[in-house]
Amino acid sequence: MDKNFRVRLIVGLSMFIVALIGLYTFDSIPFKIIFGFFSVMSVVELLSFFKKKHSAINIVLTLAEITFLICGTIFVAKVDLNHFWYIILGVCGYDIFAYLFGKMFGAKIFKKSRPFPHVSKNKTWEGTFLGLATATILVGTKIAAQGTIGTDWMFLFCGPLALLGDLFESFLKRKFKVKDSNEIIIKNKFFRFLELFVGGSEGHGGYLDRVDSTAFTGTVLLIIISIVFGL
């Protein structure tokens with residue numbers, strides 16, 4: 001098991017336990033506060049990108065990502081516990097299993113297994129397909145267990161939306177020429193301490209990497225629910 005995966009696994013499990021406790025206590029308020037804090041830290045990381053490179057297009061991309069973070073946070077604050085589990089199953093299901101299956105089967109089925117070489121070169125066709133399939137199965141299983149479909153079918157898109165959110169963040173980092181979203185602010189002692197809670201000290205990710213997919217997914221679903229269903 002490589003170091004990056006160990007960090008991802010340990011931090012992921014720890015965050016899942018904290019999220020689980022937060023979701024089932026005090027009407028999910030602790031979890032919503034934590035997610036809001038992650039979003040704020042993600043904005044700080046985004047703004048730190050400008051220390052390395054800034055241009056008109058980068059400003060537009062940053063504003064778009066900040067919009068996703070704000071709308072995603074609003075979605076998390078508004079959605080009920082039952083529906084938020086669709087987000088967890090879809091987004092986290094895709095992220096975890098795409099990475100896992102990519103490590104296990106990457107380039108073993110498709111010889112040229114790089115679907116997004118200019119945006120995210122580490123992604124593989126095998127990991128992407130199997131991650132999306134797993135996310136769809138997880139969400140579909142919960143919908144079936146609920147017994148009523150209603151408007152819940154829209155959450156079947158959580159996997160693909162999580163992928164798009166992840167790709168957008170990867171594109172953003174490439175435009176700014178940064179490897180990880182925390183690589184600049186982590187040099188500050190205060191931020192370095194905070195990054196310990198998301199595995200940033202190991203050179204992996206940062207806060208933005210933890211919420212990018214949820215923020216994008218939440219934004220799209222918030223728009224759909226608000227416009228189509230008038231909620």
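Predicted model: local features only at pLDDT ≥ 70, side-chain atom pairs only at ≥ 80, totals over all residues.
Before I start on burial, my cut-offs: buried means under 20% relative accessible area, exposed means over 50%, and partly exposed is in between.

**Entry 1: Asp209 and Lys173**

I looked up Asp209 with those cut-offs in hand. Asp209 has 21% relative accessibility, so I log it as partly exposed. Its side chain meets that of Lys173 in a salt bridge, 3.4 Å from N to O. Asp209 sits in helix α8 (residues 207–228) and Lys173 in helix α6, so this pair ties together parts that are 36 residues apart in sequence. Lys173 goes down as buried because its relative accessibility is 8%.

Which residues are linked with Lys173 and Asp209 in a network of salt bridges? I found Glu169 joined to them in that network.

**Entry 2: Lys123 and Asp166**

Next I checked Lys123. Lys123 makes a salt bridge with Asp166, and the closest N and O atoms are 2.5 Å apart. This one links distant parts of the chain: I place Lys123 in the loop between α4 and α5, and Asp166 in helix α6 (residues 158–176), 43 residues apart. Are these two buried or exposed? I have Lys123 as buried, and Asp166 is buried too.

**Entry 3: Lys179 and Asp180**

Then I turned to Asp180, which forms a salt bridge with Lys179. Here the closest N and O atoms are 3.8 Å apart. I wrote the two residues down separately for burial. Asp180 is at 10% relative accessibility, so it counts as buried. Lys179 has a relative accessible area of 63%, so I put it down as exposed.

How many salt bridges does the count come to? My tally for the model is four.

**Entry 4: the nonpolar patch**

Last, I went over the surface for nonpolar side chains. I found a patch formed by Met104, Phe105, Ile109, Phe110, Phe129 and Leu130. Together they have about 520 Å² of accessible area. Which elements give two or more residues to the patch? Those are α4 (81–105) and α5 (125–146).

I also looked at Phe110 on its own.

Key: Residues numbered from 1 in each chain as written. Heavy atoms only, no water. Patch = residues over 30% accessible without salt bridge, like charges linked within 9 Å, V, L, I, M, F, W, Y side chains within 5 Å. Areas by Shrake-Rupley, 256 points an atom, 1.4 Å probe, with all protein chains shown as cover. Helix = DSSP H or I, 4+ residues; strand = E, 2+ residues; numbered from the N terminus. Buried < 20%, exposed > 50% of the residue type's maximum accessible area, 1.4 Å probe, protein only.
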